[in-house]
Every structure is written in C-alpha cells, then in structure tokens.
Amino acid sequence: MRRSVTATATHIPELESVLARYSREESQLIPLLQDIQDHVGYISSESMQAAAAHLNIPESSVYGVVTFYSQFYLTRQGRHKVRVCQGTACHVRGAGEIIRAVSARLGIKPGETTKDFEFSVERVACFGSCALAPVMVVNEKVYGNVTPEMAIRILDELT
Ligand code: FES
C-alpha cells in the first residue's frame, strides 16, 4: 500500500522541490538521496520516509541504501567537512598526528560534528593520492604533505 507521506508533511521545505525533480521510478533512489543530501545536508528519517513515499518503495529499502553507502550521512554535518586519510601510506607518514591535532583544535573526535555545526571530522580510507601522504581533504580541496601545524592553519583560515 502506498504511503501518503509528502515533503510538505515533513516540514522540510527543501524536500518538496527536490522530490518534484524526480520521476517515481525506483532507479531514481540514489540520485534523489544525493540531491536531498546536497540540499538538506544529511538524510534524516523524515527524508527517508519522503523518498520512500515518492518512489513507492519500503522505507527499509531506502534505509538499506543510505546505510550501505558511506557518502550518505544520517546526522547533520558541519558546514566544513574535514577528512583525514588513514590509509597505509598516510598512516606511516603521520596521519595519526594530523587527526590528533585536528581533534584537539576543534574539540571533537573523528565521526563527530562541532556544536555550532561548523566542522565535521572523519577518518577516511585511501584517497588515491598516496604520493602526497599524509593527505587531508577539507570540503573538496585536497591538501598533501600535511603537518599538524599546517592542518591547524587550514582550519583557522576557515573560521
Ligand atoms: S593512503 Fe592516504 S591517500 Fe592513499
């Protein structure tokens, strides 16, 4: 049975316009979720309900996709996303010190977001730029040969 949840019912105004851009075919699920995340910042349970209702699929299917792909966030993220590579090459070249410096500066651990929603920090597997190790990516900008001091400077420039 088709659910009658609509974007309007979710009280997330951005959802309504995002949903309107997609046909009701299940194949639209991933692009729809990416679009929701781009506009809302993460995939809330309300967003999952709205996507399921729009595509006429079970909410469990939407949840399965959201939790399978690491690109999707279930909680609100910071305005700036700080990702520190923890792959082997970066680990060997001091990524642990980078993550410690970043965590200390922002007062959060990897996987957390600052209370003001300015920064989120996460550890990521290899970015594929091992020659630049250790690597840190802030928003979509890649920084190579990062030192703890440089990481702090990069963060400070964003505040
Ligand atoms: S291990 Fe860090 S970019 Fe490859």
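Me: How much space lies in the largest pocket?
Reply: Happy to start there, keeping in mind that this is a predicted model. Rolling a probe the size of a water molecule over the atoms shows where empty space is left. For the largest pocket, that space comes to about 220 Å³.

Me: Which elements give two or more residues to the lining of that pocket?
Reply: The lining is made up of Ser 70, Gln 71, Tyr 73, Arg 79, Lys 81, Arg 83, Glu 122, Val 124, Asn 139 and Glu 140. Two or more of these residues come from each of β1 (80–85) and β2 (119–124).

Me: How many residues of the pocket lining are charged?
Reply: Two of the lining residues are nonpolar and three are polar. The charged ones number five.

Me: Turning to helix α3, what does its span reach from the first C-alpha to the last?
Reply: Helix α3 covers residues 29–40, which makes 12 residues. At 1.5 Å a residue, 16 Å is expected, and the helix comes close to that. Its span reaches 16 Å.

Me: Is Asp 35 buried or exposed?
Reply: Asp 35 sits in helix α3. Beyond its neighbours within four places in sequence, Asp 35 touches Val 18, Arg 21 and Tyr 22. Its relative accessible area is 11%, and the cut-off is under 20%, so Asp 35 counts as buried.

Me: Which residue follows α3?
Reply: The buried residues of α3 include Leu 29 and Gln 37, and their cover includes α2 (13–20), α4 (45–55) and α5 (59–68). After the helix comes a residue with a positive phi, near 105 degrees: Gly 41.

Note on methods:
Residues are numbered from 1 along each chain as its sequence is written. This is a predicted model: local features need pLDDT of at least 70, side-chain atom pairs count only at pLDDT 80 or more; totals for chains, interfaces and linings use all residues. Side-chain values use heavy atoms; hydrogens and water are left out. Helices (H or I, at least four residues) and strands (E, at least two) are DSSP runs, numbered from the N terminus. The expected span of a helix is 1.5 Å times one less than its number of residues. Buried means under 20% relative accessible area, exposed over 50%, partly exposed in between (1.4 Å probe, protein chains only). Contact means heavy atoms within 4.5 Å. On a 1 Å grid over the protein atoms alone, a cavity is a set of points where a 1.4 Å probe fits but cannot get out, and a pocket is an open set with protein on both sides within 12 Å along at least five of seven lines; lining residues have an atom within 4 Å of a point. Grid points are joined across faces, edges and corners, and a volume is the space filled by probe spheres set on the points. Ala, Val, Leu, Ile, Met, Phe, Trp, Tyr, Cys and Pro count as nonpolar, Asp, Glu, Lys and Arg as charged, and the others, Gly among them, as polar.
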